[in-house]
Structures are given as structure tokens and as C-alpha cells.
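User: I'd like to learn how to read a model like this one. Could you walk me through it?

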Amino acid sequence: MPSSLRRGKGKLEIDWEEMEAIEAEHRAGRGLFGGDPYLRHARNPHVPPEPARWFCLAQASDEHRARLRDFLTSAPSELEIGAGDGRFIVEWASMHPERHFLAFEVRGRLVHTMYRAIEERGLTNVWVCDDDARAAIPEIVPPGSIEVIHILMPDPWWKQRHARCRLFSLHMLSILAQALKPGGILRFESDVEGYPEFLDMLIERHPDFEPHDPALAERFANIPLTTRQQWCVEHGVPIFRRFYRRRASGAPAEAQP
Ligand SMILES: C[S@@+](CC[C@H](N)C(=O)[O-])C[C@H]1O[C@@H](n2cnc3c(N)ncnc32)[C@H](O)[C@@H]1O
């Protein structure tokens, strides 16, 4: 039986059976942005040569994988998923040279814009990855290595026929939990009414996350904005925030709907 939320412009529906079917497709490399990540190289000739801090699953050598692994484990590290043009991550990384960052973005033009900004600023503490984060994180992020995951203003993909594009599912929460250190934080922000409640519903069913804790907002006071957030501020559109802590004990587990 689907559970649904009707707010704002549309409806975010959770059909648990369909979610499981989509997760199985994703695990098989189907229905992801850019298609099967290991077959993308034919369509992606613009990746700068190694050792550039750009990761593409289909092209990375074993040395490059090891380089990224070392990068993520040699300093407190953070991920951003759906970084867009990189406005937030570039600013945040400039403010925290002691921390390491990996930004995922599937739209080639935006990845190039972000990468250019990183180069222009001379930042050595940011890598980008142009693969779908749902496929790439389990492959390239060492388990338990990440302190914070930022997911800012993701598309809601209202229509049921676009459900496979949605970032969040129980399986995705397992992927994020696996990447996070115990006590690590999943930071989510959205201007879409109903989206935070949709995520609360998933988190409630997941054994590895604590419920939203508003007190964690303090840690992110005065944090830079994304391009979409800047637009929201200029147009008086409210932004809803959620902070979920990865539970400190227990191994990451698959959630049961
Ligand atoms: C609505 S835009 C928001 C961009 C930026 N965070 C902002 O607030 O301006 C969402 C972005 O997430 C990217 N995205 C969506 N699903 C993704 C995935 N599975 N892996 C990596 N990037 C993804 C999209 O390409 C898009 O650029």
C-alpha cells in the first residue's frame, strides 16, 4: 500500500514494492543517470587526464582509485551529492583547507563549471566525480570515512514515472550510512514542501539513522549557499532543513520496509 504526502506543487509517494524494484535495477547498473557507469567512457571523452582530481568510474585506473581513497581517509572528509555548479562546495572548501571534499554531479556542463572554479581558486582539497552517486559511493568511498554528507535542494521528481530518478530510497540511506563515520551527519535542505517529511518517513524506517535533530544546525551556521539557495533567499522562498546523525553503534544494515 503506497504511503503519500500531498503538499505544495505535487505529491511524493512511497510505494515500497516499486522502490525495491527500482533499487534492484540500480544495483544492476540500469536506470542510473548516464546509464551503466562502467560503459560511460565512450560518451565522456572530456575527463581531464589522471592525476587530475576528477573521478570517473569507467576510466579510473587502480592508482587513481587508491589516490581518491587516500584523499578521503587522510583528513576529515565530506561529500556533496548533486553539487550543481559547485557554488557551495567551492566556497566551503576554501573556508576549510584542513578538510577534504568529494562532490558528485552528473551533468557534464556543471561538473566542468565546478572543476574550473576549483582550479581557478587553486583548491587542492576538492575532488569531483561525474558518476551517479547512487552507483559510485559504494565503489569509491571507503566505509566509515565521511563526517558529513550534504544533499542540498535535490529535485523531487514528483511524477511516479520519474520515481527511478529520485535520490532517496532505503537502499540509498544504507549506502550513505555505510560511507558515514559513526556519529556522522546527513545534512539535507530543500525548498520543496513535503520533501523533508518524505525523508523523515524513510529515516524512521532505517536502523542506522537517528531522527532529525535541529540542534545540529548550529554546526552549520553561516555556511555558504548553493546557487538554488541563493535564488530562494533573493525571492523570499523558505528553505527547510534536516540533520540526521548516523547511529554510533551497530554495523550498517539494509532497512526493512
Ligand atoms: C536541483 S539541482 C540542485 C543543484 C545545487 N545543489 C543547488 O542547490 O543549486 C540537483 C542536482 O543534482 C544532480 N543530481 C541528481 N541526482 C544525482 C545523482 N544521483 N548523482 C549525482 N548528481 C545528481 C543533478 O544533475 C542536479 O544538478
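Analyst: Gladly! This is a predicted model, in which local features need pLDDT of at least 70 and side-chain atom pairs count only at pLDDT 80 or more, while totals for chains, interfaces and linings use all residues. Residues are numbered from 1 along each chain as its sequence is written.

User: Opposite which residue in β6 does Phe 104 stand?

Analyst: Phe 104 stands opposite Cys 129. Strands (E, at least two residues) and helices (H or I, at least four) are DSSP runs numbered from the N terminus, and two strands pair if DSSP finds at least two bridges between them. Here β5 (residues 100–104) and β6 run parallel, joined by 4 bridges. Strand β3 (residues 54–55) is also parallel to β6, with 2 bridges, and Trp 54 has Val 128 as its bridge partner.

User: Which way do the residues of β6 point?

Analyst: In a regular strand, side chains alternate between the two faces of the sheet. In β6 (residues 126–129), Val 126 and Val 128 point one way, Trp 127 and Cys 129 the other, and all are buried. Buried takes 20 or more other C-beta atoms within 10 Å of a residue's own, exposed takes 12 or fewer, and partly exposed lies in between, with C-beta atoms placed from the backbone.

User: Why does Ala 58 count as partly exposed?

Analyst: Because Ala 58 has 17 C-beta neighbours inside 10 Å. Ala 58 is found in the loop between β3 and α2 (62–73).

User: Which residues of α2 are buried?

Analyst: The general idea first: an α-helix has 3.6 residues a turn, so residues three or four places apart point the same way. In α2, Leu 68, Phe 71 and Leu 72 are the buried residues. They lie on the same side of α2 because they cover an arc of only 95° around the axis, the arc being that of the directions from the helix axis to the C-beta atoms. On the other side, Asp 62, Glu 63, Ala 66 and Asp 70 are exposed. The buried residues pack against β3, β4 (77–81), β5, β6 and α5 (133–140), with contact meaning C-beta atoms within 7 Å.

User: How many residues surround the ligand?

Analyst: There are 22, the closest being Gly 82, Gly 84, Met 153, Thr 226 and Arg 228; a residue is near a molecule if its C-beta atom lies within 6 Å of it. The largest share of the shell, 3 residues, comes from α8. Both α5 and α8 (227–234) supply at least two residues each.

Methods:
Contact = placed C-beta atoms within 7 Å.
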